[in-house]
Amino acid sequence: MDIIESLEWRYATKKFDNNAFIEDEKIERISKAFNLTATSYGLQPIKMIIVKNKSIQKKMKAASFHQEQVATASHVLVLCAEKNVDADFIKAFSNNSKQLRPEAHSEIDAYGDVLIDRFKLKSKADIKLWATKQVYLALGNLLTVCAIEKIDSCPMEGFIPAEIDVILGLEQEQLSAVLLLPIGYRAKNDVSAKINKVRRPLNDIVKIIP
Ligand SMILES: Cc1cc2nc3c(=O)[nH]c(=O)nc-3n(C[C@H](O)[C@H](O)[C@H](O)COP(=O)(O)O)c2cc1C
């Protein structure tokens, strides 16, 4: 399928087939795609928790203004921001980089030192905002990948992050939930699948400067 056809096929799925489950290989592909998301400085201040448990999903639905898609999805991807992007986090990034690029040890150490100095100057709130932006990038990537893989999804900000953090014990892992992405296969009677997409006219939203 052409990429535009895939993007037209996707829509924010409100009702999933409660008995249709995404195959493990597809979940692995989605996980790899998440990990391949580009992030600022390459630091990846993000984590994805995959919930495939209907009783936990029921609790998450209650923390999501009772939006049904959280309960009927095959899996709920919880896109999180790392809370501690500090010197230790950056050193771990440098160590991983050195293992993967052993030829560049000294450059990696120098880059790590620059990052540590730069992040020392940022407030906690600035780092939180920066990490949150990286989570949104991952969402964009996953929406497209899911569309190509013929997996239905619903991007969601409509939930109470503090409640989701408690349900999933994210605080202990130094994470905070930023976005939910329930995924699965659309229910045959999901009316949202049948309505026209609403988008601005192309010549209004894209301007070419010749
Ligand atoms: C960041 C973000 C948050 C959203 N939050 C919700 C949500 O909480 N519940 C919901 O039903 N749809 C949510 N949506 C879906 C949008 O309403 C939907 O993507 C938009 O209306 C365009 O429709 P389409 O995705 O079907 O093309 C969200 C979308 C984005 C990108």
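Q: How much of the contacts with a separation of 6 or more comes from residues 24 or more positions apart?
A: Such residues account for 81% of those contacts in the chain, where a contact means two C-beta atoms, placed from the backbone, within 7 Å. This is a predicted model, in which local features need pLDDT of at least 70 and side-chain atom pairs count only at pLDDT 80 or more, while totals for chains, interfaces and linings use all residues. Residues are numbered from 1 along each chain as its sequence is written.

Q: Ok, and which helices and strands does the chain have, and in what order?
A: There are nine helices and four strands, and from the N terminus on they run α-α-β-α-α-β-α-α-α-β-α-β-α. Both kinds are DSSP runs numbered from the N terminus, with helices (H or I) of at least four residues and strands (E) of at least two.

Q: How are the strands arranged in the sheet?
A: The four strands form an open sheet with antiparallel pairing, in the order 1-2-4-3; two strands pair if DSSP finds at least two bridges between them. At the edges, pairing on one side only, are strand 1 (46-51) and strand 3 (152-153).

Q: How many bridges does strand 4 make with strand 2, and how many with strand 3?
A: Eight bridges join strand 4 to strand 2, running antiparallel, and Leu-79 has Leu-179 in strand 4 as its bridge partner. Strand 3 pairs with strand 4 (residues 175-184) over two bridges, again in the antiparallel sense, and there Ser-153 has Ile-183 as its bridge partner.

Q: Which helix packs on that sheet?
A: Helix 7 (residues 124-148) does, touching strand 1, strand 2 (75-82), strand 3 and strand 4. Its direction makes about 150° with that of strand 2, using lines fitted to C-alpha atoms, for helices over the stretch in contact, and angles from 0 to 180 degrees between N-to-C directions.

Q: Is strand 4 mostly covered or uncovered?
A: Strand 4 is mostly covered, as ten of its ten residues are buried, whereas 30% of the 210 residues of the chain count as buried. Buried means 20 or more other C-beta atoms within 10 Å of a residue's own, exposed means 12 or fewer, and partly exposed lies in between, with C-beta atoms placed from the backbone.

Q: Switching to helix 3, where do its buried residues sit?
A: The buried residues of helix 3 (residues 54-62) are Gln-57, Met-60 and Lys-61. Seen down the helix axis, they fall within an arc of 105°, so they line one face of helix 3; the arc is that of the directions from the axis to the C-beta atoms.

Q: What's on the face turned away from that side?
A: That face of helix 3 carries the exposed residues Ser-55 and Lys-58.

Q: And Phe-21, where is that?
A: Phe-21 is in the loop between helix 1 (3-9) and helix 2 (24-35), and it counts as partly exposed because it has 15 C-beta neighbours inside 10 Å. Phe-21 and Ala-73 are 52 residues apart in sequence, yet 8.2 Å apart in space, C-alpha to C-alpha.
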